[in-house]
Amino acid sequence: MEPILELEQRLARYDPARYPVQHATTRFHLGVVLADAGRVAEAIESLASAAELFDPDALPVEHAKALNALGAAQRLAGELEQAEASFERAAELFERSSLEQEHGAAFFNLGLVRRERDPAAAAECFRRAAALLTGGPEAAAARELGATLLALGELDEAMRTLERAVELAERGDATGYGGALNALGLARLAAGAAEEAIGSFRQAAGAHPRAVRPAEFAMAKANLSLAYEQHGDAPRARLSARQALGVADPPAPVAAQAAAVLARIGEATAHDLLRVLEQEAQASWEGIVREELARSAEAPPDVRRVDAAAWIDDSSVERAEAWLGGLLELPPERIELLIRSALEALGSRETAVKEHFRADVSRAAGRFHVPQLLRLEEIFRRIAAELEEPWS
């Protein structure tokens, strides 16, 4: 049975006049589930009823919990003044009951409500929340405090706070860790520390895998492109901007920021990757190539062929090894997709170029373990035969 239906049936069994606490408890749980389901207006009605039935003198904790949940629903509905009042009262009652975690959570929510209208007041709420909370909630409060301080232009305190948020979130909150690193990167970039910002954004992108949290990955990559631009590294800036734009449906502000970088420093080309590899030690190639191949695999066919042509026209055994290694980290269907694109691009090349590329790929494949070598050879031969492109 669906949770909402089950709670509604349970609610009908408890008359509010005879069983006010049971009715209120069910109303509370129903309101939370309704809010999670996006039925915000119904959630507000249910939670307001729960708060009213929980006597604040006899059941102050239950009353405060209902108010805290009500405030969250009111915030979702854009009823910010009502949400602020709910959180303020909840915080007062939690403080009276000496419940530090709940008290801190109410201040955290109050900070979220106040941030747009009064950032300084919001910062104070987040400070109080961070002092009361522990674990993941403390990391979240530190992250929001740091981001608010950044908006206020208090860069030194923002960086110190966000470094603390990163340290706290690293212990087990991958999403919060990436968010804190992204905010720290922005603070460092605002302070003119582009190189340090680059490190933060690169870590943020790593904490938000493209396939798991594409929107957050794209945000980190768009910010990384800004940091590289400020640092004077145009090829890396273009790669990062292109990767931000390459995810499915990037958030509009992220896409606009990445596109603006490319408008200033020129459109990205497949050869930007090779320029970056020339500047890096070979031991660092793996991650760089992997991210570009992940983008290329999701690109339109004509873009994939252009990407593949860069590997063909500037071939070497070392580059072929990096390319094959990156391919082997992808799902099977994407390996075949990119190899097909390469062989399609190869078809228009002169005989000498084809022979050189085939030789480099063959020698590079021989550096992998036998199962990987046999797998690569089978895919190349099969697709080459389909395309009537000589391979071996």
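This is a short tour of a predicted model, stop by stop, with something to select at each one.

**Stop 1: the largest nonpolar core**

Start with Phe28, Phe107 and Phe108. The largest nonpolar core has 46 residues, and these three touch the most other members.

Neighbours within four places in sequence are left aside here. Phenylalanine 108 is then in contact with Phe126, Ala129, Ala140, Ala141 and Glu144.

**Stop 2: proline 60**

Select proline 60. It lies in helix α4, which covers residues 60-76. Is proline 60 buried or partly exposed? Its relative accessibility is 24%, so it counts as partly exposed. The cut-off for buried is under 20%.

Next, draw a line from the C-alpha atom of proline 60 to that of alanine 90. The two residues are 30 apart along the chain, and the line spans 9.0 Å. Then show the contacts of proline 60, leaving aside neighbours within four places in sequence. They are Asp55, Leu93 and Ser97.

**Stop 3: serine 225**

Move to helix α12, residues 214-231, and find serine 225 there. Its relative accessible area is 0%, so serine 225 is buried. Where does its side chain point a polar atom? Look for the backbone oxygen of alanine 222, which lies 2.5 Å from a polar atom of the serine 225 side chain. Not counting residues up to four places away in sequence, serine 225 touches Ala237, Ser240, Ala241 and Val261.

**Stop 4: the largest pocket**

Rolling a probe the size of a water molecule over the atoms shows where empty space is left. Turn to such spaces now. The largest pocket has a volume of about 630 Å³. To find it, select Phe217, Lys221, Gln243, Gly287 and Glu291. Of the 27 lining residues, these lie nearest the centre of the pocket. The elements giving two or more residues to the lining are α11 (194-207), α12, α13 (234-245) and α16. The most come from α16, with six residues. Colour the lining by class: twelve residues are nonpolar, four polar and eleven charged.

**Stop 5: glutamine 243**

Zoom in on one residue of that lining. Glutamine 243 sits in helix α13. With a relative accessible area of 3%, glutamine 243 is buried. Which side chains make polar contacts with the side chain of glutamine 243? One is lysine 221, at 2.8 Å. Another is glutamate 292, at 3.0 Å. Now widen the selection to contacts, again leaving aside neighbours within four places in sequence. Glutamine 243 is in contact with Arg210, Phe217, Lys221, Glu291, Glu292 and Arg295.

**Stop 6: the second largest pocket**

The second largest pocket has a volume of about 320 Å³. Select Arg143, Gly179, Asn182, Ala183 and Met219, the closest to its centre among 16 lining residues. At least two lining residues come from each of α8, α10 (174-190) and α12. Highlight α10, which gives the largest share, six residues. By class, the lining of this second largest pocket has seven nonpolar, five polar and four charged residues.

**Stop 7: the cavity**

How many cavities of 30 Å³ or more does a search of the whole structure find? There is one. Select Leu293, Ser296, Asp307, Ala308 and Trp311 to reach it. Of the 16 residues lining this cavity, these lie nearest its centre. The helices giving two or more residues to the lining are α15 (271-279), α16 (285-297), α17 (301-313) and α19 (332-346). End on α17, which provides the largest share, five residues. Across the lining of the cavity, nine residues are nonpolar, two polar and five charged.

Note on methods
Residues are numbered from 1 along each chain as its sequence is written. This is a predicted model: local features need pLDDT of at least 70, side-chain atom pairs count only at pLDDT 80 or more; totals for chains, interfaces and linings use all residues. Side-chain values use heavy atoms; hydrogens and water are left out. On a 1 Å grid over the protein atoms alone, a cavity is a set of points where a 1.4 Å probe fits but cannot get out, and a pocket is an open set with protein on both sides within 12 Å along at least five of seven lines; lining residues have an atom within 4 Å of a point. Grid points are joined across faces, edges and corners, and a volume is the space filled by probe spheres set on the points. Helices (H or I, at least four residues) and strands (E, at least two) are DSSP runs, numbered from the N terminus. Ala, Val, Leu, Ile, Met, Phe, Trp, Tyr, Cys and Pro count as nonpolar, Asp, Glu, Lys and Arg as charged, and the others, Gly among them, as polar. Buried means under 20% relative accessible area, exposed over 50%, partly exposed in between (1.4 Å probe, protein chains only). A polar contact is a pair of N or O atoms within 3.5 Å; within protein, one must be able to donate a hydrogen and the other to accept it, and residues adjacent in sequence count only if both atoms are side-chain atoms. Contact means heavy atoms within 4.5 Å. A nonpolar core is a set of buried Ala, Val, Leu, Ile, Met, Phe, Trp, Tyr and Cys residues joined through side-chain atoms within 4.5 Å.
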